[in-house]
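Student: I have the structure open. Could we go through its layout step by step?

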Amino acid sequence: MPSILGIDNGLTVTKAVIFDVDGRQLAVARRRVPQDIPHPRHVERDMAGLWRATAEAIRDALAASGRPAGDIVAIAATAHGDGLYLLDRERRPLGPGILSLDSRALDIVKRWSGAGLFDAALELTGQAPHVSAPSALLAWIRDNEPERYARIGHVLGCKDWLRYCLTDTIGTDRTEASTSFTDVTTQAYSRQAVELFGLSAIFDALAPMAGSAEIVGHVTAQAAAATGLVEGTPVACGLHDVTASALGAGGHRHGVVDIVAGTYSINEVVTDTPRVDARWFCRNGIAPGQWNAMSISPASAANYDWFLDTVFRTELEASQAGGQPIHALAGAELDAALARPSGILFHPYLFGSPQAGPASAGFFGLHGWHNRGDMLRAVLEGIAFNHRYHIDALADGFRFDAARLTGGISRNPSFAQLFADVIGRPVTLSTTEETAAFGAVLCAGAAVGLYDSPMADPRGAAVDGPTYRPDAARHDALSARYAVYRNLADAMAPLWPQLESLSEGSQQ
């Protein structure tokens, strides 16, 4: 019975997921991949360790499926976008991989903004550079680690590193290639874009582009020994995880806003016209002549995970030891908090924000009579409010009537309903839990002819899970809270740099 392997590497976990050709999940295996934070704003991980963890997850998924590895007819990977994974000219890892949570290039991006580079970049590439963009990170390495910069042989994304480990081939796909250096009109690499950032020396190191549903290699003997896969299994090029999630959720089509509540607040629409605006990235779509408008920031469900880990630590440890599920316990306290008035608001900016400058997270309106349930409500509202900020921006440029929500936190019915009430639109979940991995599977299946294209979804209407419809009264009440949330962000704008300077002073 043919099956397909999708690899999904996030910022903390790498997954191997096996599906049959009809889209039914057969097995999933996960491995945590440690993050290293050697200095403030540096968020990295060991590239060899990432591959080992992924190989172990693949081997575990094969065992859990109960099927022979020879049933796997194709493979594709997706992974966190942006960030930076470098190889030297001998194809060896050149330092640790840099995650998209990294913000070491903040001062460079500030300087570019003040020098007027943002407008030129927006016009040429369809996006202004941000702190974890390959352009900014490469400029930081150029300025701070010149010896490393001089040794760069290949500039890759995370999924491209995994492809190399599987196939010993170098390359990327159209969606990943457009994170910094492509012309928004031609959708091809632009030497002018590289020169704009002062990075001419690395133009030839940019990974060659292929289609997401194009076979780019086969599993090598070494990779087969590490993973349990069959040597020679075809590997497709894969795609950026934002687009993979939208595709796997059944929402990668016109008239739909795709929302991923994960580490990042991801909000995306598909367009046939390269419409450019500073509030979103206009990047290459899966197909030529198609673009993805992404409005994103690193300010979503990672705040929820942090809150559980920090405030529900005892219950979390008990849950992991076999006690009551932590999400059920937290959900009960959340429901109680939602049933009473609250004056608490939370900016979910623990790892970044859509605000200019070094914004940070914070509770506002907190009093001694509040409890952790009230704080949890504020955290989840803050996450939904940040998504609304991006969705409202996209609504200024594109028409969409439907919203599809994915991400682990979306499985909580209270949050899904809160989300619909905040954005004022019906929100539909997907029946497929591992949506990003299935987006990769659709590309792999199309690459070997099982599907007509990555958009030829075999699940049909079965992909649609429950739909949560907004309550008008709750939407109005939450809109009033959202207005205060935005006003507080505006008021904090001149204070966040001062808070940052206090933190920097404490490091000295």
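Student: How many of the residues of β15 are buried?
Tutor: This is a predicted model: local features need pLDDT of at least 70, side-chain atom pairs count only at pLDDT 80 or more, and totals for chains, interfaces and linings use all residues. Residues are numbered from 1 along each chain as its sequence is written, and side-chain values use heavy atoms, with hydrogens and water left out. Buried means under 20% relative accessible area, exposed over 50%, partly exposed in between (1.4 Å probe, protein chains only). By that cut-off β15 is mostly covered, with a buried count of 7 of its 7 residues.

Student: Which residues of β15 are buried on each side?
Tutor: In a regular strand the side chains alternate between the two faces of the sheet. Both faces of β15 are covered. One side has S265, N267, V269 and T271; the other has I266, E268 and V270.

Student: In what sense do β14 and β15 pair, and over how many bridges?
Tutor: Strands (E, at least two residues) and helices (H or I, at least four) are DSSP runs, numbered from the N terminus. Two strands pair if DSSP finds at least two bridges between them. A hairpin of 3 residues joins β14 to β15. I259 stands opposite N267, A261 stands opposite S265, and the pairing of β14 (256-261) with β15 (265-271) is antiparallel, over 4 bridges.

Student: Which strands are at the edges of the open sheet?
Tutor: The sheet has 7 strands in the order β16-β17-β15-β14-β20-β21-β22, with mixed pairing. An edge strand pairs on one side only; here these are β16 (281-284) and β22 (464-468).

Student: What angle does the direction of α14 make with that of β15?
Tutor: Contact means heavy atoms within 4.5 Å. Helix α14 (372-395) packs on the sheet and touches β14, β15 and β17 (291-297). Axes are lines fitted to C-alpha atoms, for helices over the stretch in contact, and angles run from 0 to 180 degrees between N-to-C directions. For α14 and β15 the angle is about 20°.

Student: Is α14 roughly parallel or roughly perpendicular to α17?
Tutor: The two helices pack with axes 10 Å apart, at an angle of about 85°. Angles under 35 degrees count as roughly parallel, over 145 as roughly antiparallel, 65 to 115 as roughly perpendicular and the rest as oblique. So α14 to α17 is roughly perpendicular.

Student: How many charged residues are in the contact of α14 with α17?
Tutor: R377, E381 and D392 are among the α14 residues there, and R481 and R486 are among those from α17. Ala, Val, Leu, Ile, Met, Phe, Trp, Tyr, Cys and Pro count as nonpolar, Asp, Glu, Lys and Arg as charged, and the others, Gly among them, as polar. The contact has 5 nonpolar and 4 polar residues, and its charged count is 6.

Student: Why is helix α4 largely enclosed by the rest of the structure?
Tutor: Its cover includes β6 (85-88), β7, α2, α5 (146-150) and β8 (152-156). W140 and I141 are among the buried residues of α4. The helix (134-144) is largely enclosed because its buried residues number 8 of the 11.

Student: Why does S100 count as buried?
Tutor: S100 is in the loop between β7 (97-98) and α2 (106-114). Beyond its neighbours within four places in sequence, its contacts include H80, D82 and Y264. S100 counts as buried because its relative accessibility is 5%.
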